[in-house]
Amino acid sequence: MEKTCTEVWKNCLQIIKDNIPNQSFKTWFEPITALKLEGKVLTIQVPSLFFYEWLEEHYVGLLRKTVKKQLGEDGRLEYNIVVDKSSNSGNPYTTNMPSNGNGAEAKTQSMPIPVSINKDIKNPFIIPGLKKLNVDPQLNSNYTFDNYIEGDCNRLARSAGYAVAAKPGGTSFNPLMIYGGVGLGKTHLAQAIGNEIKATMPDKLVIYVSCEKFCQQFVDSLKNNTINDFVNFYQAMDVIIMDDVHNFAGKEKTQDIFFHIFNHLHQSGKQVILTSDKAPKDLAGLEERLLSRFKWGLSADLQIPDLETRIAILRKKMYADGIELPGEVVEYVAHNIDNNVRELEGAMVSLLAQATLNKKEIDLGLAKQMLKNFIKNTSKEISMEYIQKLVCEYFEVPVDMVKSQTRKREIVQARQISMYLSKSHTKSSLKTIGAFFGGRDHSTVIYACQTVEDLIDTDKKFKAYVHDIQKKLKMS
């Protein structure tokens, strides 16, 4: 019995999922659907041209091997790409692309803008009456790509930002929507794009504006009867960076004016960069026509950085400030401040200030004492749940797999270490520990603990694993 396209693609996904990070799988492969299977050619549908470009650039080798494993040496993959043909109609059409290992370049049609930037345009950022020939981009020069640490939490958004900075308005991700929680670096990344564009293309008109500021300018232009100047100013920009667009909620007239500005910029091949605390689909209080335009390009989320990324952020800040701290202090701060980057850097500043004012040497004891206000809400109780989470993060295995019946070596190792540490660091009984880790009996826990102890005595590498995790537990 021949396999269907859905079955073949499902088998491909199972292989792919085992070979890439979970976040990457969710971002790049879950949105894909299988369309048809004709002979040895599997056709899949991807949401945008950017998806096609990214897959061909980063995963073409994995895709080729996976498809050949399912369909044989003659197996081939083709893409069916949903492309937005008209920014006015919103009706998509599809185009087919073969998988050839080369990323396809998105082509855009340039259109002249009806506004002459040579005439005097009133700049809403400056005091009326003061002549200003150059538009101040309102960018913070400290927000650059160089001091924006890359990790799994932000790799997609940062890569897309680089592409936009290299070719503003000329990529398939326009607008670029960057979204995520408080303090995760949305503003930093958005302004880094603007600073990079100004550094490499100084003639480009770039403007950064918060949504609240834009709304206030619009209200002022209505009061002063200068709405045309307001619209002309923004339509003359080459790049608009709009921060916190979720604040448009409930402001219908402001949404309407931004809708027309957005349409003009997009149709003119200009770049729009947006930030928000939520994904476009989760934004409430915005008109559907505006939301649909936010979804045209790429929506890239910023996640909470993992431990390694947090340590890298702290070391980068230490290097920039010309200071040195003991490694255990850096690890302690990074391990306990895991809400967002802003709190992480704030904790470091507080620690340095306390040490300077009190003329004390910074050590782990001082760090624990001084950072109580930062970590009191994030300190983790030593529980089986926390031990399991810590061990799974350390070995990079899914938490739910530890409780499953699988006998994969890495999963069994994580499960046995979790049981061993639960017995050592909690007051739970053997029966309770066994029940927590997938309904196992107390004899399984005894065997796991004995196995771990034996390996600690005979395997130096394994011993280092356990001691490293125990060290992280003590830090918490």
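Which helix holds glutamine 70? Glutamine 70 is found in helix H4, residues 60-71; helices (H or I, at least four residues) and strands (E, at least two) are DSSP runs numbered from the N terminus. The model is predicted, so local features need pLDDT of at least 70 and side-chain atom pairs count only at pLDDT 80 or more, while totals for chains, interfaces and linings use all residues. Residues are numbered from 1 along each chain as its sequence is written, and side-chain values use heavy atoms, with hydrogens and water left out.

**Whole chain**
- The protein chain has 21 helices and nine strands.
- Of its 476 residues, 47% are buried (under 20% relative accessible area; exposed is over 50%, partly exposed in between; 1.4 Å probe, protein chains only).
- Contact means heavy atoms within 4.5 Å; among contacts between residues at least 6 apart in sequence, 73% join residues at least 24 apart.

**Glutamine 70**
- Glutamine 70 counts as partly exposed because its relative accessibility is 21%.
- Beyond its neighbours within four places in sequence, glutamine 70 is in contact with Lys3, Val8, Asn11, Cys12 and Ile15.
- The C-alpha atoms of glutamine 70 and lysine 40 are separated by 9.5 Å, with the two residues 30 apart along the chain.

**Nonpolar cores**
- A nonpolar core is a set of buried Ala, Val, Leu, Ile, Met, Phe, Trp, Tyr and Cys residues joined through side-chain atoms within 4.5 Å.
- The largest core has 52 residues, and those with the most contacts inside it are Trp9, Phe29, Leu55, Leu63, Tyr79 and Ile193.
- Helix H1 (residues 5-17) supplies the largest share of this core, six residues.
- Apart from this core lies another, of 34 residues, including Met177, Met237, Ile240 and Val245.
- Not counting residues up to four places away in sequence, leucine 63 touches Trp9, Ile16, Phe29, Leu55, Leu77 and Tyr79.

**Largest pocket**
- On a 1 Å grid over the protein atoms alone, a pocket is an open set of points where a 1.4 Å probe fits, with protein on both sides within 12 Å along at least five of seven lines; lining residues have an atom within 4 Å of a point.
- The largest pocket holds about 1,800 Å³ of space, a volume being the space filled by probe spheres set on the points, which are joined across faces, edges and corners.
- Its lining has 36 residues, with Asn22, Cys392, Glu393, Glu396 and Val397 nearest the centre.
- H16 gives the most to this lining, six residues.
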